[in-house]
Amino acid sequence: MDSIWTQTARLPQFAPLGSDLKTDVLIIGGGMAGLLCAHRLAQAGADYALVEAGRICGGITKGTTAKITFQHGLLCERLIRQFGPKTARLYLQANQAALEEYRTLCRGIDCGFEEQDAFVYSLRRPKRLRRELAALNRLGFAAEFEERLPLPFATAGAIKFARQAQFHPLKFAAALASGLRIFEHTKVWELSPGRAVTNAGTILANRIIVATHFPLLNRHGCYFLKLYQHRSYLLALKNAPKLGGMYLDEDEKGLSFRNYGDLLLLGGGGHRTGKQSNGWRELEGFARSHWPGAQVTAHWAAQDCMTLDGMPYIGLYSRRTPGLYVAAGFNKWGMTSSMVAAMVLTDLLLNQSSPYEAVFSPSRTMLRPQLAVNGLESVLGLLTPTVPRCPHMGCALHYNPAEHSWDCPCHGSRFEYDGALADNPAMHGKPGAGSAQPRAAKEGSAKQ
């Protein structure tokens, strides 16, 4: 189940930490956000180190659709309603600046960077598109209404953002990582402000950035309530059409399209992690129906951390943890959000002001409707009398037949059939999960 990116790129390898270490800035997590933070700190001449539990970009980054765009669905109108026009404008400006940073960096990197227009379409809600377009125009961002699209089904139109971009994320990451101070296979087991205990030694650091997709610490920041995880599926199709752009349904259960070389990348089938799904079957059925001659050359899944209000958490981990920072909750827009995180966090660490600090502050209000949903899922997961259970916070795991894994609907941890940890926030695997049969959720038992 390798993505097209892992099939077509070779990442550099780094040795694990060999002893205790002291550094000014420690970055935990070697995905795109962590690498960009390390790159910017290195460019500034800062003393830093990055540790990664496995291989760099071996987690969420390798599953991205790799769209670089500040077109993040129909978000602008909602941001204006919730936060006001100033915050909405700053959010768009931050992501626009991220796109420009990529544009500059990619000039010297062979990573398939190419400009493409981005479209967010609707199947049946043109009025919602018109409201979003009016909100964008109110904030001074150029966008257009598009009546007709080269998609194999009828739509109610789309909003077009010109000169966005797409690239090969792992080729970009491979070039970015070369020369950085990185320690792979170095897992953090214990974390507190100024100190990280790993499997290979203790690291003392004046400042620490947690860029681990889902934050490590439960006792600060309430991220187990502020975040939930969403899973979706992708196919790489040969002998499918060249669409000439990047396309996304405004409905979270809709489809996503972009081309890479002679392949069409088709995404969809989204659901909350741990809930029932059809996996790739829905996408395969769509492809057979519309492009009978297309062939699947790769299939993979993506997992995204979703926030309460649609904006990432970037900044101080909590008000009570000085020197500890976080980048999490990228809401399916990991490429631009990773760059925004690197821009904001390195500005803060280099004692420079960031115009976006307040926009992405993890300490902003939690009083959003999604909070009640997340709380209910946690309660249901804790009260469900089944095994195996997640070692993160004890929720019941659900068997995922499409991927032969055990998934947690509370916070999104996933475990391979043999119990090995596949996705955090759990810190370790689940012994006994693999020995349980799929029906164990109703009648079996397994030890913690």
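Two strands count as paired if DSSP finds at least two bridges between them; helices (H or I, at least four residues) and strands (E, at least two) are DSSP runs, numbered from the N terminus. The model is predicted: local features need pLDDT of at least 70, side-chain atom pairs count only at pLDDT 80 or more, and totals for chains, interfaces and linings use all residues. Residues are numbered from 1 along each chain as its sequence is written, and side-chain values use heavy atoms, with hydrogens and water left out.

**View A. The open sheet E18-E19-E20-E21.** Four strands make up this open sheet, in the order E18-E19-E20-E21, and their pairing is antiparallel. Strand E18 (398–400) and strand E21 (421–423) are the edges, each pairing on one side only. E18 is joined to strand E19 (residues 405–407) by three antiparallel bridges. Opposite Asn400 stands Ser405 of E19.

**View B. Strand E4 and two partners.** Strand E4 (residues 114–121) runs antiparallel to strand E6 (residues 158–166), with seven bridges between them. Tyr121 lies opposite Ala158 of E6. With strand E12 (residues 246–249), E4 pairs in the parallel sense over four bridges. Here Val120 has Leu248 as its bridge partner.

**View C. Helix H4 against helix H9.** The axes of H4 (residues 85–105) and H9 (residues 334–349) come within 8 Å and cross at roughly 95°. Axes are lines fitted to C-alpha atoms, for helices over the stretch in contact, and angles run from 0 to 180 degrees between N-to-C directions. H4 and H9 are therefore roughly perpendicular (65 to 115 degrees).

Notes:
Parallel < 35°, antiparallel > 145°, perpendicular 65-115°, else oblique.
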